[in-house]
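Work through the exercises below with the coordinates open. Each task is followed by its solution.

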Amino acid sequence: MAISKKLLFSCLIITLFFPITTHAQSKNDRTVVGTVGKEKVTYAEVKNNFSSGSNNSFSIDELESFLPLYLDYKAKLLSAKDQDYYSDSALVAEHNLYAKQAAYAFWLENEIRPTVFKEYYNRATTELKSFHILVGVGENPSPEEVDNAKMKLAQAKADIKNEIPLAEVDKKYSTTRGGRSMGGDLPWLSAGRTVREFEDQLYSLQIGEISEPFATQFGYHIVLLQEKRERTPARLTNHIFVRPTQDSAAYKKIYEAYNHLDEGRSWNEVMMQYSEDDASKGNNGNIGWVSYHSNFAGDFIDVVNNFDASLDFSEPVRTNYGFHIFKVDSVQTYASEEERKDEVRAEMKRSNYYKEDNAFVVNYLKNKFGAEEFPESGKAYKDFITGLDSTLISNVTTLPFSLSSQKIFGFNGQEYTVAEYHSYLGEVEGNRMARQYRDSWIINFHQSVIDSEVINLTLKSYPNFAEQSESYLNGLVVYNINDDNVWNASTVDSTKLMEIYENNIEAYSYSARPYYYLLSASKDSILQKAINFVKEGNSLDSVRTYHNRVGVSSDSTSSFQEEPFDRLREMNPGSFSELFEYNKRQSAFYLVDNLPARRMTFDEAFNRLLAEFQPEREQAWLKQLRAKYKVKPDIKNLRKAFKNDSQSSK
């Protein structure tokens with residue numbers, strides 16, 4: 001009873017949090033359909049706050065049912081204001097937490113997703129072929145390392161312009177790892193297929209243009225854009241696959257399969273006989289959609305895309321995986337531009353291009369509002385703090401005057417000093433030693449600054465966000481005042497509950513029921529060891545101490561009908577049940593005793609009494625509110641306004 005009432009109220013205030021689309025304010029909309037205190041409630045206010053699920057249409061019967069609830073809600077708001085609920089520190093903190101998360105969601109929904117998708121979609125229509133030089137640097141490179149990397153890349157760029165063969169330039173300048181160059185030719189790329197910094201550089205170039213040096217998580221690069229073309233449609237591809245061998249056996253095998261196909265044997269028959277790709281054999285050799293957006297090697301994708309898809313099958317070809325014969329079932333097409341956009345939108349969400357998290361929003365806002373960084377100040381602070389060695393950061397109470405006033409970050413017209421950065425570190429990293437300083441902490445500080453500003457930025461950029469935030473605060477306040485006056489056990493008149501209990505004492509009793517322990521574990525063997533532990537005379541309550549992989553709970557139940565509790569009916573006190581599976585774990589009951597039927601004490605019946613008394617308690621409170629704030633619905637005006645509204649919409 002209590003839970004259902006709480007859920008009912010939650011549904012009501014959720015309805016009120018987010019009003020439906022506002023209607024035009026006609027004279028009819030301004031019709032007063034109720035009063036609460038000195039506030040007049042209009043027809044527009046009622047219908048704009050009414051919602052019946054996803055259907056924004058409504059009947060007069062629905063509005064008549066909703067109007068008293070809405071007026072009661074308004075009365076609760078007035079009562080909450082009179083009792084200073086809006087100043088309650090816990091409620092204010094909870095509202096601020098909500099408002100912040102809602103602000104992040106607001107940016108994602110209203111600006112970032114559409115903006116990012118537009119850019120992503122434009123890029124996703126093309127594919128780019130490129131060559132790059134990569135010079136690796138350490139995790140926290142020194143200025144000298146960075147300068148050396150950029151100097152190398154400048155020399156490499158000059159060599160490329162002087163038409164030195166690209167392979168030679170790559171060999172001369174790119175860092176190697178495991179004996180292989182980290183630079184060189186790249187496969188055809190489209191949106192979302194590489195890290196964002198690299199993609200941004202690549203899509204900013206004209207064909208034949210070489211970028212300036214830039215950094216990614218892998219090091220420093222220059223990139224040459226070689227070719228650009230429309231995006232190649234994906235191909236739904238099947239193959240017959242033979243692994244390469246040291247001799248000619250694999251070559252002979254793939255050509256033997258090809259000859260059988262050429263003679264007219266069915267694809268599936270030959271594929272089942274010859275293919276060594278067990279993962280695809282059960283599906284006619286299907287390996288899915290192959291495109292430059294799939295996770296296949298570049299040369300493999302080139303081969304699939306370069307043979308005539310209208311042929312029944314390709315000739316044998318070799319890729320870096322081995323030998324193949326390909327068959328294309330279909331080439332991807334779209335029934336409409338909107339269908340294509342839906343596919344690209346889903347693709348974007350799967351990529352690293354777009355993420356629905358706060359850090360993604362922070363980075364977007366950082367760019368949008370012109371964040372300014374001062375790396376020299378950051379380096380000066382790092383040199384100072386790491387020089388203090390084992391001193392805790394929280395114990396560093398003073399900074400050199402010349403350092404403390406230096407600007408270290410700027411955002412949205414506000415500048416932040418090294419002293420403010422140090423104060424931030426004292427709060428979040430204060431227990432770390434100075435020599436443990438990390439360069440990533442300055443990024444965390446940037447995020448903290450923007451996080452503290454996100455609500456104000458959202459309010460300034462989207463004034464309608466204030467309505468959503470205020471609606472949530474109102475709902476939160478009403479929920480709490482309802483809790484205090486209806487659901488809270490500490491504010492109930494216990495003498496009234498005692499009166500109900502004493503007048504209906506026979507109704508509050510326990511039926512006969514078993515008192516049991518439930519033991520569970522991931523394996524039979526683990527559970528059996530715990531059972532044997534108890535059978536050896538040890539306490540059930542000590543099972544977890546000696547067998548921490550065993551779950552132990554105790555309870556009593558009056559339900560013998562449902563699995564697995566029906567087993568308790570046949571058990572004797574002091575015995576274990578057979579093992580059984582419960583909630584995907586191996587389990588067993590231990591029956592302690594069969595408890596006899598008996599009456600509940602007042603304390604035992606208290607929660608039931610409270611739940612049963614709640615409707616009466618709520619109605620008494622609402623009666624007081626309606627009298628105090630002179631709550632008055634005007635059904636006649638509501639019907640008149642609804643009738644006029646219906647006629648004007650025809």
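A residue is buried when its relative accessible area is under 20%. The model is predicted.

**Exercise 1. Classify the ring pair Tyr98 and Tyr472, and say whether the two residues are buried or exposed.**

Step 1. Take the geometry. The ring centres of Tyr98 and Tyr472 are 3.7 Å apart, with 15° between the planes.
Step 2. Apply the cut-off. Planes under 30 degrees apart count as stacked, and the Tyr98–Tyr472 pair is stacked.
Step 3. Place the residues. Tyr98 sits in helix α4 and Tyr472 in helix α18 (residues 465-487). They are 374 residues apart, so the pair links distant parts of the chain.
Step 4. Check burial. Tyr98 and Tyr472 are both buried.

**Exercise 2. Classify the ring pair Phe106 and Phe465.**

Step 1. The ring centres are 5.2 Å apart and the planes stand at 65°.
Step 2. Planes over 60 degrees apart count as edge-to-face. The Phe106–Phe465 pair is therefore edge-to-face.
Step 3. Phe106 belongs to helix α4 and Phe465 to helix α18, 359 residues apart.
Step 4. Phe106 has 8% relative accessibility, so it counts as buried. Phe465 is buried too, at 1%.

**Exercise 3. Which residues of helix α7 are buried, and where do they lie around the axis?**

Step 1. Helix α7 spans residues 196-203. Its buried residues include Phe198, Glu199, Leu202 and Tyr203.
Step 2. These four cover an arc of only 120° around the axis, which puts them on the same side of α7.
Step 3. Recall the helix repeat. An α-helix has 3.6 residues a turn, so residues three or four places apart point the same way.
Step 4. Find the cover. Among the elements over the buried residues of α7 are α4 (89-124), β3 (126-135) and β8 (219-230).

**Exercise 4. Which rings have Arg196 and Lys341 over their faces?**

Step 1. Arg196 lies over Tyr353, 4.0 Å from the ring centre.
Step 2. Lys341 lies over Tyr121, 5.8 Å from the ring centre.
Step 3. Check the distance cut-off: it is within 6 Å of the ring centre.

Definitions and conventions. Residues are numbered from 1 along each chain as its sequence is written. This is a predicted model: local features need pLDDT of at least 70, side-chain atom pairs count only at pLDDT 80 or more; totals for chains, interfaces and linings use all residues. Side-chain values use heavy atoms; hydrogens and water are left out. Buried means under 20% relative accessible area, exposed over 50%, partly exposed in between (1.4 Å probe, protein chains only). Helices (H or I, at least four residues) and strands (E, at least two) are DSSP runs, numbered from the N terminus. The arc is that of the directions from the helix axis to the C-beta atoms. Contact means heavy atoms within 4.5 Å. Rings of Phe, Tyr and Trp (its six-membered ring) pair if their centres lie within 6.5 Å; planes under 30 degrees apart count as stacked, over 60 as edge-to-face and the rest as tilted. A charge sits over a ring if NZ of Lys or CZ of Arg is within 6 Å of the ring centre and within 35 degrees of the ring normal.
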